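Visitor: I'm new to this one and would like a close look at a single part. Could you walk me through the surroundings of the ligand?

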Amino acid sequence: MKTTTQPKRILLSSVFGPYGVDDAYGRKENIMELFHNQVTKAQDVGSFRFHHRSFGLYFLAANVDADVTVLDFPSRRRFIREIKKGFAIVGISFITPNFVKAREMARLVRLHAPQSKIILGGHGAAIEGVERLIDCDEVAKGEGIRWLRNYLGQDPEAPIFHPALSSAQYMRIFGVPLIGKSASLLVPGLGCVNGCKFCSTSHFFGRTYVPYLVTGKELFQTACRIADAMGSDDFFVMDENFLKDRTRAMELLAEMEAHKRFFDFSIFSSAEAVRAFGVENLARLGVKFLWIGVECQSQTENFEKNRGLDPQPLIRELRDHGISVLASGILCMEHHTPENIQTDIDYIVSLESDFVQFMLLIPLPVTELYRDYQKRGLLKTDLPFEDWHGQKTLNYNHPRFPGDSAERWITAAFRRDYEENSSSMYRLVETAFRGSQTLAARAAADPWLAERARHLRKRVLDYAPILAAIERFAVNGRERQRALDMERKIEAAFGPRTLITRLGRTAAVLLAAAWKFRLRVFGDGIQPRTIVTRYTAASEARAGRKADIIPIRPAVDESDIPRSAVAARISTRLRPVLASEAQSRYKK
Ligand code: B12
Ligand code: SF4
């Protein structure tokens, strides 16, 4: 990689829209929405409709010394307009299914801004030979902040600044806009050391964990700063396996307790890490949503992270503590056949989590699975990258799932979960209610849990009006009955409906009906709005943030963790618990 003089202006762009449509650049299944793409997609009017920004771009922009424009969700035309402004560097962030869009964007840069250097980054950079397949100058593989600083001739180990960003935009459920502040984004680090053979994120970062926030104290301070700036104590934690570093999470809890500062967190974690952390600790920490990769029922075909663990009682216990669970499962794994796959689908559905993700097994570049299937000649080398999104077609030849049969299974699996377990919105209300009852019963002995119980009670009352829309648009009689029963329970526990609740119920039904009409007449596509953010190298915001800057740490594996330094910061209350943890840190 060559080092250049510092450029004046950089453009960092996500790939262009429209997204989730069949056109020359993409597929209708490749939707730019987490829930509607791969979780609640079968839940009709009740599907969660959220947009998330391309977070990596903002992290890059906030951490290099240059004038940076971030162009998120541009149209092709908007992208052309921007590149014509003449940037020294145009950085394109993309993932494998968006390969063709990235290639087209690079072509446009060469055509309209031939003086600009083109840098490719993001998970698409892992595609074999991408530097030959796309006309570009550089490819940034793995962690990008350090890479870009290096490229610009700046100090790669300089402190890193965590920008304050909201985690989601345009949030609607049953057509009801979620008003108020959305959760803010918190990125404690990238990657995961577990290295499950199919996992893109783990392998992209070399099966190491790249921490941005190393200690619980750093996490706490960053969370406080962002919460104050954004006016919300709610966080979406973008870390593949947040609880893997139990010491850090316990330290965070200790800081929160010491400062009496309550946050709510939505996190991803593997089951073994959840078990090790403990469900009550999760409730204390304020975890309200947890994503667990269950993958499949079979112990022999599963991954190390799930060995010897029964997710059913764990998920029940989590929901009893007010923690909503998303359980994800992989379909069309090698051991699956049309005869046994339904057993795995039924198993995932039987876990009764709040959300279920089904994803087809897709060996993605850089993973162990990809290399293995490549060696065995199983990859469909002629399948365009646009189809490598995991919701329709397998990108490898599975002898028992030829043609479009995989799509039929995944569609039926989503439907089954919806019919058996009702809408995820119903399940969210149920979890919050169950948690409020469990924690209230322990509140007398523990003021911290009493506060958590109050949070859950508020959540139940905030959600309650939507039960009217659930009744009205229920998938079947069972869901209707569940919603009615839940209303009775809420009234019995928290008192009769207020006038506000009654008005809220009417509004929810009207909004859901309008949304249903919109879906029927205009289809369910929603495009995120283009967002342009300009960062100026010499801006006051940058100068003023120095005090908050946290030093970036080099990529680590377990042997590099400065355990003693971390332990020194641990609150005395938690020290005895954590002492036994120090040895297992970062180990799966
Ligand atoms: C948020 C997210 C989304 C959002 C996208 C929001 C958006 N505006 O793009 C939503 C939910 C919509 C989404 C959808 C999909 N996603 Co997604 N998503 C993620 C997720 C969970 C987090 C990404 C993130 O923000 N990380 C935090 C930031 C800080 O890290 P980062 O993005 O990796 O960026 C760093 C580096 O990669 C690098 N970098 C990135 N871009 C650039 C650009 C330049 C110029 C440079 C120098 C460096 C650089 O620098 C950054 C800082 O180090 C990742 C998994 C993960 N944990 O990373 C999957 C992930 C990126 N998604 C993935 C996929 C496949 C999809 C979907 C196809 C659905 C699916 N099957 O999961 C759809 C596609 C939607 C579409 N039409 O494009 C895969 C990509 C696999 C691959 N090898 O390409 C991932 C890795 C998940 C996985 N393990 O399979 N996703
Ligand atoms: S535990 Fe999760 S994040 Fe970690 S490697 Fe396995 S699948 Fe990936």
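Predicted model: local features only at pLDDT ≥ 70, side-chain atom pairs only at ≥ 80, totals over all residues.

Guide: Ligand 1 is surrounded by 41 residues, and the closest of them are His52, Ser93, Thr96, Asn98 and His389. What kinds of residues make up this shell, counted as nonpolar, polar and charged? The shell divides into 19 nonpolar residues, 18 polar ones and four charged ones.

Let's zoom in on some polar contacts. On the backbone side, a polar atom of Asn30 is 2.9 Å from a nitrogen atom of ligand 1. Gly144 also uses its backbone: one of its N or O atoms lies 2.8 Å from an oxygen atom of the ligand. With Tyr212 it's the side chain instead, where a polar atom lies 3.2 Å from an oxygen atom of ligand 1.

One last stop is the sheet. It is open, with three strands in the order E2-E7-E8 and antiparallel pairing. Strands E2 (49-51) and E8 (176-177) are its edges, each pairing on one side only. Two bridges join E2 to strand E7 (residues 169-173), and His51 stands opposite Gln169 in E7.

Methods: Residues numbered from 1 in each chain as written. Chains lettered and ligands numbered in written order. Heavy atoms only, no water. Pairing = 2+ DSSP bridges. Helix = DSSP H or I, 4+ residues; strand = E, 2+ residues; numbered from the N terminus. Near = heavy atom within 4 Å. Polar contact = N/O pair within 3.5 Å; in protein donor to acceptor, adjacent residues only side chain to side chain. Nonpolar A, V, L, I, M, F, W, Y, C, P; charged D, E, K, R; others polar.
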